[in-house]
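Here are some worked exercises on a two-chain model. Have the viewer open, try each task yourself, and then follow the steps.

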Amino acid sequence: MSARGAHPRRGPLEEPAWVRFALIGITLGFLGLFLLLPLTAVFFEAFRKGPIAWWAAVTQPDVLSAVRLTLVVTAIAVPLNAAFGLVAAWALGKFRFRGRLVLITLIDLPLSISPVISGLVFVLIFGARGWFGPTLREHDIKVIFDTPGLVLATVFVTFPYVARELVAHLEEQGTDPEQAAVSLGASGWTTFWRVTLPSAKWALLYGLVLCNARAMGEFGAVSVVSGHVRGETNTLPLEVEILYNEYDFVGAFAAASLLALLAIVTLLLKTVLERHEARIAERGSGTRSGDTEISR
Amino acid sequence: MVRSVRGAGRARTRVLPGFGLTLGLTVTYLSLIVLIPLSALFAKAASLTWPKFAATLMDERVVAALKLTVGASAAAAAINCVFGAIVAWTLVRYEFPGRRIVDALVDLPFALPTAVSGIALTAVYAQNGWIGSLLAPLGIQVAFTPLGIVVALTFIGLPFVVRTLQPAIQDLEHEFEEASASLGAGRWTTVRRVVAPALLPALVTGFALAFARALGEYGSVVFISGNMPLETEIASLLVITKLEQYDYAGASAIGVAMLILALLGLLLIHAAQRLAVRRSGSTVR
């Protein structure tokens, strides 16, 4: 109560100063302990024997080939899901029809499925004892324990990221700009490329950033479908696991530091894009700029 | 194609072309990548006879793994509800230096590959780690015990609770708090009687999301858990073990059980949430 006299600015709608400090302290302590400390540990362990040992670990042939495979898998999975996201966003964001909400829920489905199960389903279909296993063996095609399996599992787990951002964005934009374009004689394609896509580019980028991070970092699903052959079917997260289990801690954490760097860049991009979007939203609706200064 | 466009109903959407084409492609791709593969899981589990399905799930090792997974997931989600609520409240309501950086950091568990989280948490909480070495003299062992699993699941679940609560706190009507204060309620009473009930639905949703995610988590847990059968073996690891023994049906049965548990959790919590909404609706408004 005496605090009120000391801080005349505090109204009845604020917690006492000591409560505020305590809550901020708990927040910083908890996040520091649970988030910052493990992140720091990655770099600390990676550089434990100095930058030269780190460089040597990162440039091992097996690590480099794991990086290459991760990039290949990502380069296939992300564009596929981005293309799907654009197509789905047009159908689900610009039109209203029965079953639309069901479809939107189904698109989000992979987010709530265990990564291990996401890998398992492809083993059931393409594995040696799966649906198409015998057929594939006859034609000498390898899906599981090889790159195609890695791509499939990655496409599955990263499936919703671009689509959900774009569907939400296109829905929010409404159809007025497109209708204006079409009524002025523009074709569907022209309308999409010249009207819809430019307005959705930030949402697309946001989805791509998240999709890319998950694609490069996925572990559980690819672990199920990978053959775990070093230099051949190991993505970078799988290489981290192998190095770690061989007690090559500097190697494991050096490889992990590359992925942690990716995570930091992802967070940075995400924050920048979110702030950009908030600014656009504020400019768009000038009426509610005063009292709701929300940074999301 | 024409019919489905007409099905779209509203005159204002009918002008735009491409509905049939894009919807067709969407449904096709969704079926190929998600729906058909998932149906394989259920088909495989259904290939077991009932007694065999039940026997797979009643196996001592499977029961232990499922119990541990559900228990650790619930504990982690509960921890996140307490600390996540404090974090969300602090980030929305208070100004302090570095707030934006802290806010961005909350998403780290989303962005950090789970394998990296796993080895990092193990390094920190192992007996010779930064925190583990502090806890060891107290007789507390985190890594390679069920406690370690809870730590890992807390790590990956945190953003779900915080990110669900933040918009709810932002949307709180200041008028309610003002009314409560002007009626003579102290700040604590206002928080307890006005703010908390209004945030309860979001908190429950956050719990459900964190819980569902934790049930299926694999990467961040396997390194810290020790993976001892009957003691620290989680359900998703058991799925992989079964797969490695080419027991596809057994793996699918556990997979189906995990999916059903996650669904049950979501349904239960959905019911609780509706109850909470109805209650808070009668007391607050």
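**Exercise 1.** Compare the radius of gyration of chain A with that of a compact globule of 296 residues.

*Solution.* Step 1: take the radius over C-alpha atoms, and for the globule use 2.2 Å times the number of residues to the power 0.38. Step 2: the rule puts a compact globule of 296 residues near 19 Å, but chain A has 24 Å. Step 3: look at the box along the principal axes, where the C-alpha atoms of chain A fill roughly 75 × 60 × 30 Å.

A note before going on: this is a predicted model, in which local features need pLDDT of at least 70 and side-chain atom pairs count only at pLDDT 80 or more, while totals for chains, interfaces and linings use all residues. Residues are numbered from 1 along each chain as its sequence is written, and chains are lettered from A and ligands numbered from 1 in the order in which they are written.

**Exercise 2.** Work out how many helices and strands chain A has.

*Solution.* Step 2: the count for chain A is 14 helices and 0 strands. Step 3: call two residues in contact if their C-beta atoms, placed from the backbone, lie within 7 Å. In chain A, 73% of the contacts with a separation of 6 or more join residues 24 or more positions apart.

**Exercise 3.** Decide whether A:Val240 is buried or exposed, and do likewise for B:Leu230.

*Solution.* Step 1: count other C-beta atoms within 10 Å, again placed from the backbone; 20 or more means buried, 12 or fewer exposed, and anything in between partly exposed. Step 2: A:Val240, in helix H13 (residues 236-245) of chain A, counts as buried because it has 30 such neighbours. Step 3: B:Leu230 has 11, so it counts as exposed. B:Leu230 sits in the loop between helix H13 (219-225) and helix H14 (235-244) of chain B. Step 4: list the contacts of B:Leu230 beyond four places in sequence, which are B:Glu60, B:Arg61 and B:Ala64. B:Glu60 is 170 residues away from B:Leu230 in sequence, yet their C-alpha atoms are 7.6 Å apart.

**Exercise 4.** Find the residues with the most contacts inside the largest nonpolar core.

*Solution.* Step 1: join buried Ala, Val, Leu, Ile, Met, Phe, Trp, Tyr and Cys residues through C-beta atoms within 7 Å. Step 2: the largest such core has 170 residues, and A:Leu120, A:Val240, A:Ala256, B:Val116 and B:Ile119 have the most contacts inside it. Step 3: helix H4 (residues 61-94) of chain A gives the most to this core, with 15 residues. B:Ile119 in turn touches A:Tyr244 and A:Phe253, among others.

**Exercise 5.** Describe the side of chain B that touches chain A by residue class.

*Solution.* Step 1: the contact takes 75 residues from chain B and 78 from chain A. Step 2: helix H3 (residues 19-46) of chain B supplies the largest share of the chain B side, 14 residues. Step 3: count Ala, Val, Leu, Ile, Met, Phe, Trp, Tyr, Cys and Pro as nonpolar, Asp, Glu, Lys and Arg as charged, and the others, Gly among them, as polar. The chain B side then has 51 nonpolar, 17 polar and 7 charged residues.

Terms used: Helices (H or I, at least four residues) and strands (E, at least two) are DSSP runs, numbered from the N terminus.
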